[in-house]
Amino acid sequence: MAKKTIMLGNEAIARGAYEAGVKLSSAYPGTPSTEISEYLAKYDEVYTEWAPNEKVATEVAIGASFSGVRSLACMKHVGLNVASDPLYTFAYTGVNGGAVIVVADDPGLASSQNEQDTRMVARSAHVPVLEPSDSQEAKDFMKIAYEISEEYDTPVILRTTTKLAHSQSAVELCDRVEVDDKEYSRNVAKYVMMPASAIGRHVVVEDRENRLASDAYSLSVNRIEKGDNKIGFITSGIAYQYVKEVCPNASVLKLGLVNPLSKKLIEEFCSSVETVYVFEELEPVIEEQVRAWGINVIGKEAFTRQGEYSANLLKRVLYGSDDAVFDKTAVPNRPPILCPGCPHRSVYSVLNKLKIHASGDIGCYTLGAVPPLGVVDTCVCMGASISALHGMEKGKGKDYIKNWVAVIGDSTFLHTGVNSLINLVYNKSTATVMILDNRTTGMTGHQDHAATGKTLKGEETYAIDLAELCRAIGVPNVIEVNAFDTKELERIVKESTQSDVLTVIITKAPCVLLKGQKFPNVCKANFEACKKCGMCLKIGCPAITKNSDGTIKIDQTMCNGCGLCKSYCKFNAIETVVR
Amino acid sequence: MTKNIMIVGVGGQGTLLTSRIIGKVALEGGYDVKISEVHGMAQRGGSVVTFVRYGEKVSEPVVEEGQADVIIAFERLEALRYAHFLKKDGVLIVNDCRIDPMTVVIGAMEYPEGILEELKNKHTLYSIDGQKIALELGNSKVLNSVVLGFAAPYIGFGKDAWLSVVEATVPPKTIEINKKAFAYGYEAER
C-alpha cells in the first residue's frame with residue numbers, strides 16, 4: 001500500500017513535481033507560494049533555484065522546456081504580472097519538455113497588495129489552468145498538468161489559493177517516474193516568435209484551446225457528483241470543500257480544469273438540476289462564460305467577489321443564517337508589526353525624527369506605514385518605491401522631494417528595484433534611495449537571494465555587492481552605514497536629502513530572525529530613572545510597554561537586545577544586561 | 001462527527017507547531033485530518049489563528065464561527081477576539097498572559113480589563129499561567145507544551161499518545177523538557 005502522510009498544500013505541489021520527473025524549478029519567493037521551492041530543494045534529483053524575479057524564473061523554465069526537460073516556475077499572483085511578458089508568448093511557442101507555472105492567489109489578502117484572480121490572466125493568455133482542492137489533488141494535478149502540457153503542447157498553470165497552499169491534509173506518496181529528455185530540434189516557426197512565425201502560432205493556440213475545451217468533457221479532473229436534483233453547484237478549488245461541508249447531498253460539478261471550460265459538460269450538468277449556483281472565489285470567471293452560453297445560474301449576485309469564501313457564507317445565502325451562537329466582541333486590533341530588534345525600526349526612527357516621507361515598497365518594511373513610526377507613505381508593487389519617487393521629482397520639481405526618500409529591501413532591490421535606479425541615473429535624479437539591507441528576503445520567511453552568497457540548495461556562491469552594483473550603474477554617491485548607528489544615519493539622511501546629488505544609502509544590519517544574529521544582551525528598564533517621557537515608546541517596539549504608573553517595562557523574553565530604545569532614552573533609564 | 005480545534009495567539013508564540021502536534025495526534029488516532037495555517041505577514045507579531053479539524057472525512061480546512069469544540073488561546077486578548085467561534089458547549093483554554101498590541105502601546109486603544117471573568121460568564125473556561133510554569137521548569141520556550149498539555153484532556157486521545165508525538169516533533173535537544181512541560185500542564189489543577 002502507498003504510504004500516506006499529512007502534507008501542506010505547497011509541500012504536496014513540490015512532491016507532485018518530484019514524482020512527475022521535473023528536472024528544473026526556478027522561482028522568486030512570495031506568500032503563499034514560497035514553500036513549494038523550499039520543499040522541492042530537498043530532492044537531489046531536481047535542480048532548484050531562486051531567481052531575482054518571476055520574469056526571470058519563467059524564462060529559465062521556458063529554456064529548460066525548450067531543451068527538452070520537464071520544468072517548473074513558482075510565484076504568487078502578483079508575480080505573474082512580472083512574468084506575464086514571457087507567459088503570453090510561451091503560450092504561442094508551446095513546450096518541448098512539459099512546463100508548469102504554479103501561481104498562488106491570495107483571496108483575503110493574508111500577505112499581498114491586491115486580490116487579483118489568476119484565471120483572468122490565464123484566459124487572456126490562452127493558458128490552461130488546473131485548480132486542486134486539497135493536498136492530494138495538489139500532488140495529483142501537478143502530474144496531470146505535465147501530461148496536459150506535453151499532450152497539448154502548452155504551458156499549464158496550476159492555480160492555488162492561500163487556504164490550499166497553507167492547509168495540511170492527507171497525501172498518498174508515489175515514486176518518482178523519470179521522464180526521458182526530449183530531443184531538441186531547431187524549429188524557427190515554433191520557437192522564434194517574430195511576426196511571420198507568431199502569425200502561424202496564433203492559429204495553433206486557438207486550435208489547441210478548442211481541442212482541450214472539447215476534451216475537457218471527459219478529463220478525469222472534472223467530475224459530476226450526482227446528488228439532489230433540486231440544487232446544484234459548479235465549483236472548484238477550496239470553494240468545493242465549503243460546498244461539501246454545507247450541502248453534502250447536493251449535485252456538484254467539480255471542475256479541476258478551470259480554463260478552458262467544457263461547454264457540453266456544463267450544459268449537461270445544468271440541465272440535470274433545477275437551480276445551479278456557481279461558487280467561485282474572487283472573479284466570476286466560470287459564471288460569465290456559463291451565462292454567455294445562455295444558461296441561467298446564480299453567482300455573484302449572491303456571493304461576493306471579495307475575500308475568502310467560507311461554509312458560513314454559503315449557509316447565510318442558502319438558509320439565511322450561519323452557525324454562530326455568540327456575538328463578536330469588539331477588541332483592540334493587533335496588526336502585524338516589526339519584530340523586536342528589527343533594523344528597519346532603527347532606520348524608520350531616524351526618518352520619523354526628521355519628518356521624512358518614504359516612498360515604500362514590498363516587504364516587512366511596508367509595516368513602517370503604521371503608527372507610531374508612520375513614515376511610509378506609499379506601497380504599490382515590487383520596485384515602485386524608487387521609480388515613484390522619481391515621478392514625484394520630475395512632476396513637482398526637485399525641491400518637492402527634499403523631505404522624501406525611497407525605501408526598498410535588498411531582495412526587492414534585486415527583484416525590480418535596480419532597473420528603476422538605472423532610470424534615476426539616466427534621467428538626472430537628485431533623489432535619496434535607501435536600500436534596507438538585512439541580508440535576506442524577510443517577509444516570506446528568510447530566503448536567500450543574489451546578494452547573500454548562498455543558493456536555494458544551500459551552496460556557497462558569489463554574492464553581489466550592492467554598493468558596487470549601484471556605483472557600476474553610475475550612482476554618483478553611494479554610502480554604506482550600520483542601520484543601528486542612528487546618529488550617523490541621521491547625519492547622512494539630512495545631508496543627502498538636502499543635496500542635489502543622487503544618493504543611495506545602504507543601511508546594513510541582518511534580520512534579527514536570521515540564525516546566529518541575536519544580540520548578546522537584553523535591555524532592562526530602570527523604574528527609578530524613568531521620567532515617563534515616552535520617547536522609547538515612539539519607536540514602536542512590542543517588547544516595551546507601560547506600567548500602570550506610566551513608567552515603562554521591557555519584556556525580556558521578547559527583547560532581542562538591539563539597544564535602539566536605549567539610544568533614545570535621555571535619562572539613562574534603560575540599560576543593557578547580559579542575557 | 002468532525003472535531004474542531006482552534007489555536008489563537010500572537011505571531012511568534014508558536015501556534016503553528018502546536019496545531020501540527022494536535023494534527024499528528026489525531027492522524028495517528030486514525031482520523032482524516034486537515035490543518036490550516038498562517039504564513040507571511042501576519043506572523044510578524046499580528047493576531048494569528050490556526051485550525052485543526054479531524055473526523056471520518058473532513059472537507060473544509062478551517063473552523064468557522066459557532067463551530068469550535070476547543071479553542072486554545074495563548075493570550076487573553078486573543079481569547080476574547082475569537083471566543084465567538086465556540087460552539088454553545090465549547091471549551092476555552094487560556095494561557096493567562098497579556099501582550100499589548102501596538103494599538104494599546106501607543107494609547108490609541110485600551111487593553112480590556114477582566115477578560116477572563118467576562119469570558120467565564122459565557123463559556124466553560126480553564127486558564128493557566130504557562131509562562132510562569134515554563135520559567136520554573138527552566139525554559140520559557142516550553143510554554144507551548146505546558147499549555148498544550150493543559151488543553152489535551154479536553155481533546156482526548158490519552159496522555160501517552162500526546163507524549164509520543166511531542167517527542168517526535170520538538171527539536172531533539174528539548175525532548176525531555178518539553179515532555180516534562182506537557183506532563184505538568186496535563187496534570188495541572190483546573
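1. Where in chain A does Pro32(A) lie? Pro32(A) is found in the loop between β2 (24-27) and α2 (34-40) of chain A; helices (H or I, at least four residues) and strands (E, at least two) are DSSP runs, numbered from the N terminus. The peptide bond that joins Thr31(A) to Pro32(A) is cis, with omega about 5 degrees.

2. The structure is a predicted model, in which local features need pLDDT of at least 70 and side-chain atom pairs count only at pLDDT 80 or more, while totals for chains, interfaces and linings use all residues. Residues are numbered from 1 along each chain as its sequence is written, chains are lettered from A and ligands numbered from 1 in the order in which they are written, and side-chain values use heavy atoms, with hydrogens and water left out.

3. Another cis peptide bond of chain A joins Asn259(A) and Pro260(A), with omega about -5 degrees. Pro260(A) belongs to the loop between β12 and α12 (263-272) of chain A. A further backbone feature is His126(A), a residue other than glycine with a positive phi, near 60 degrees. His126(A) sits in the loop between α6 (118-125) and β6 of chain A.

4. Chain A contains an open sheet of 7 strands with mixed pairing, in the order β3-β2-β4-β5-β7-β6-β12. Two strands pair if DSSP finds at least two bridges between them. The edge strands of this sheet are β3 (47-50) and β12 (257-259) of chain A, each of which pairs on one side only. Within the sheet, β6 (residues 129-130) and β7 (residues 156-161) of chain A run parallel and are joined by 2 bridges. Leu130(A) has Leu158(A) in β7(A) as its bridge partner.

5. Chain B has 8 helices and 6 strands, which follow the pattern β-α-β-β-β-α-β-α-α-β-α-α-α-α along the sequence. The radius of gyration of chain B is 16 Å, close to the 16 Å that the globule rule gives for 190 residues, so chain B is as compact as a globular protein of that length. This radius is taken over C-alpha atoms, and the globule rule is 2.2 Å times the number of residues to the power 0.38. The C-alpha trace of chain B spans about 50 × 40 × 35 Å along its principal axes.

6. The rule finds 3 salt bridges across the interface of chain A and chain B; a salt bridge is a side-chain nitrogen of Lys or Arg within 4 Å of a carboxyl oxygen of Asp or Glu. Arg334(A) and Glu75(B) meet through their side chains in a salt bridge (3.0 Å, N to O).

7. Strands also meet across the two chains. β8(A) pairs with β2 (residues 32-36) of chain B in the antiparallel sense, over 3 bridges. Opposite Ser169(A) stands Lys34(B), in β2(B).
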